[in-house]
Structure formats: C-alpha cells, structure tokens
Amino acid sequence: MTDIILHHYETSPYSEKVRIGLGLKGLAWASVEIPVIMPKPHLTALTGGYRKTPVLQIGADIYCDSQLIMRELERRHPSPSFYPAGRGTADALAWWAEKTMFSPAVGIKFAKRPDLLPEGFLEDRAKFSARNIDPVAMTAAVPYLLDQLRAHFDWLDQMLADGRSFLQGSAAGLADLAAYHPVWFLKQNFGSGAAPLDGFPRLLTWAERVADIVRPLTRETPSAGNLARQLPSLQTTPDGIQSSVNWSLRAPMRSSSGVAIAKSATSVCIFRAPVSWLHPPNW
Ligand SMILES: N[C@@H](CCC(=O)N[C@@H](CS)C(=O)NCC(=O)O)C(=O)O
C-alpha cells in the first residue's frame with residue numbers, strides 16, 4: 001500500500017496539477033474522493049477545518065495547499081524533478097499562471113454551464129467567498145474573462161514559439177503543470193474548439209503533451225482501516241517537531257491547549273497530536 005493519499009475530486013483543476021505531478025514522478029498514490037461542496041466532514045476532521053481541494057496526506061502529515069504539496073513531493077522524490085530548468089523562474093511562472101488563469105476559467109464555466117454544476121454549488125461558493133454570485137453579472141463578465149485568458153494564453157503561446165516541447169525546454173516541470181490545469185479545465189468543459197482555446201493551436205498541442213505525462217502507477221481507494229493505520233507512523237512529537245520540513249524555527253511556539261506551531265520560510269506547521277497540518281505561510 002502506498003503512503004501517499006490524495007484527497008481530491010475529479011473536476012478540481014488544482015487537483016489535476018497534483019495528479020499529473022504524481023504521474024510525472026511515477027508515484028503510486030491512493031485516492032480519496034471528497035465532496036465538491038460543504039459539508040466535508042471527513043476532510044475537515046482530518047485537516048482541522050481546512051476545506052479547500054486538494055489535500056495530501058503522508059502518514060499523519062497533512063499538506064493543505066497544492067503549492068506546498070508539490071514542494072513536498074519534490075523534496076521526498078527529487079527525480080525526475082519538477083525543476084528541469086532550475087527553480088526561481090519555474091516557481092514564478094507557476095505562481096503567475098495559477099493566480100491569473102484559474103479564476104477567469106472557473107468564472108466562464110459558472111456563467112456558461114451552470115447545468116454542469118452540482119446542486120447547491122453556487123450557493124456554497126458564494127458563502128465560501130463571502131460574495132454574492134449573480135448569474136446575470138457573471139454572464140455579462142464572460143467577454144472580459146475571455147479577453148483576460150487570451151492575453152495570458154498568448155504569453156504562454158509565445159514561450160512555445162521556438163518549437164520547444166514544454167514551457168522551459170525539452171522536459172516538463174512545475175510551470176507546465178500550473179499553467180496546464182486552467183487549460184485542462186476549459187477543455188473538459190467546452191472542448192478545444194471553443195473560445196478562447198481555439199485561437200491557440202500551439203498551446204493545444206502543448207496541452208496534449210502535458211496530458212500525456214505518464215499517469216500514476218497505482219490509484220487505489222484506501223479503506224477507512226487503511227487510512228487510520230497511516231497515522232501512527234508519524235515521527236512527530238510536540239517537544240521537537242521532527243516533521244519532514246526543514247524548519248528554520250526549531251523551537252515551536254506552544255499554546256496551553258497543547259497545540260504547537262512551527263514556521264519555516266515556506267510553511268507553517270500546526271501540531272496537535274497525533275497529526276501535523278502544513279499550510280503556506282500566508283494561510
Ligand atoms: N491555493 C490553493 C487553491 C486551491 C483551490 O482553490 N481549490 C479549489 C478547487 S480546484 C477549491 O478549493 N474550491 C473549494 C472547494 O473545493 O471546497 C491550492 O493551491 O491548493
């Protein structure tokens with residue numbers, strides 16, 4: 001049985017990034033399908049309240065955020081690397097791609113294909129984002145969202161103009177996976193022939209290449225018993241956080257409730273026996 005468990009749902013773009021990342025590294029993983037909307041009782045019990053998708057579980061270490069998940073996969077399984085052309089640019093490209101393309105892509109789906117959304121979805125997301133989701137305003141925004149995506153897709157397309165296979169050269173890496181998932185999401189919902197993807201044949205060929213990245217070797221559904229057995233394997237104690245992360249702050253802060261918190265430059269770890277939750281520092 002693999003010790004990597006991904007909590008996700010099929011239509012989640014950020015999950016697709018991680019699923020392909022696991023494929024790129026040739027890792028076996030176990031799949032736990034979580035609900036698309038709240039309540040998510042099993043997930044939030046595991047994460048201490050975090051509801052977003054995906055979440056990665058390795059033993060009793062719970063990684064809440066796909067950026068953190070990718071970093072941890074790279075740390076544990078460095079080869080093949082998510083950084084075939086080095087770090088820095090790849091991280092910056094990945095950050096830019098996700099921050100600019102995910103939201104317009106999902107906005108277009110909400111507006112154009114509400115029939116594909118499960119019941120209660122828009123209400124759930126309105127509550128989650130503390131914003132009113134107005135179908136008329138969403139529909140009126142579609143042309144602007146398409147224009148935003150066209151501008152970003154054009155930049156991606158330009159990166160591929162010299163005939164390279166992937167954004168940073170001949171090997172796929174993190175930048176490809178992060179830029180790919182909004183493209184994947186649009187393709188899933190509208191096909192390749194629909195705007196705005198229809199204007200970018202080079203990008204579509206690249207997307208096919210990313211999609212072809214070898215799929216995970218094993219994709220098991222763990223039983224509840226197997227999930228529970230994962231927990232005792234943890235090497236962590238409240239007295240000295242021995243987690244897999246390289247903590248710059250070795251002395252964890254401790255509250256009277258027995259919760260310990262430690263910070264590194266890239267993660268915040270909240271420890272409450274027997275689990276440790278890892279978040280990005282801006283969480
Ligand atoms: N920064 C987060 C963003 C994750 C995110 O926004 N995921 C979407 C689904 S792709 C989500 O959580 N939607 C609400 C939900 O699933 O409850 C990450 O990189 O993991």
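This section describes the fold, the core, the ligand shell and some local backbone features of a predicted model.

The secondary structure of the protein comprises 9 helices and 9 strands. Of the 283 residues, 34% are buried. Among contacts between residues at least 6 apart in sequence, 68% link residues that are at least 24 apart.

Strand 1 (residues 4-8) has 5 of its 5 residues buried and is therefore largely enclosed by the rest of the structure. Both of its faces are covered, with Ile4, Leu6 and His8 buried on one side and Ile5 and His7 buried on the other. Strand 1 is joined to strand 3 (residues 55-58) by 4 bridges, and these two strands run antiparallel. Leu6 has Leu56 of strand 3 as its bridge partner. Strand 1 also pairs with strand 2 (residues 29-33), in the parallel sense and over 4 bridges; here the bridge partner of His7 is Val32 in strand 2.

Further pairing involves strands 4, 8 and 9. Strand 4 and strand 9 run parallel and are joined by 3 bridges, with Asp61 standing opposite Ser276 of strand 9. Strand 9 also pairs with strand 8 (residues 268-272), in the antiparallel sense over 5 bridges. Within this pairing, Ile270 has Trp277 of strand 9 as its bridge partner. Strands 8 and 9 form a hairpin, with 2 residues between them. Ala60 is located in the loop between strand 3 and strand 4. The C-alpha atoms of Ala60 and Ser276 are separated by 6.3 Å, although the two residues are 216 residues apart along the chain. Ala60 has 20 other C-beta atoms within 10 Å and is buried.

The largest nonpolar core contains 58 residues, and those with the most contacts inside it are Leu56, Tyr63, Leu174 and Ala175. Helix 7 (residues 174-190) gives the most to this core, contributing 9 residues. Domain 1 (4-80 + 219-279) and domain 2 (96-211) both give residues to the core, so the core lies between them. Apart from its neighbours within four places in sequence, Leu174 is in contact with Met70, Phe82, Tyr83, Ala90, Asp91 and Ala94. One of these contacts, Met70, is a buried residue of helix 3. The buried residues of helix 3 pack against helix 1, strand 3, strand 4 (61-64), helix 7 and strand 9 (275-279).

The residues around the ligand are Ser12, Pro13, Tyr14, Arg51, Lys52, Thr53, Asp65, Ser66 and Gln67. The elements that give two or more residues to this shell are helix 1 (13-24) and helix 3 (66-76). By class, the shell residues divide into 2 nonpolar, 4 polar and 3 charged. Asp65, one of the residues around the ligand, lies in the loop between strand 4 and helix 3. Its phi is positive, about 140°, although Asp65 is not a glycine. Asp65 counts as buried, because it has 20 C-beta neighbours inside 10 Å. Thr44 is placed in helix 2 (residues 41-47) and is partly exposed, with 15 other C-beta atoms within 10 Å.

A positive phi is also found at Ala130, where the value is about 55° although the residue is not a glycine. Ala130 lies in the loop between helix 5 (121-129) and helix 6 (135-159).

Met38 and Pro39 are joined by a cis peptide bond with omega about 0°, and Pro39 is in the loop between strand 2 and helix 2. A cis peptide bond with omega about -5° joins Ser79 and Pro80. Pro80 is located in the loop between helix 3 and helix 4 (89-112).

Technical notes. Residues are numbered from 1 along each chain as its sequence is written. This is a predicted model: local features need pLDDT of at least 70, side-chain atom pairs count only at pLDDT 80 or more; totals for chains, interfaces and linings use all residues. A residue is near a molecule or strand if its C-beta atom, placed from the backbone, lies within 6 Å of it. Ala, Val, Leu, Ile, Met, Phe, Trp, Tyr, Cys and Pro count as nonpolar, Asp, Glu, Lys and Arg as charged, and the others, Gly among them, as polar. A nonpolar core is a set of buried Ala, Val, Leu, Ile, Met, Phe, Trp, Tyr and Cys residues joined through C-beta atoms within 7 Å. A residue is buried if 20 or more other C-beta atoms lie within 10 Å of its own, exposed if 12 or fewer, and partly exposed in between; C-beta atoms are placed from the backbone. Domain bounds come from an automatic or database domain assignment. Two residues are in contact if their C-beta atoms, placed from the backbone, lie within 7 Å. Two strands pair if DSSP finds at least two bridges between them.
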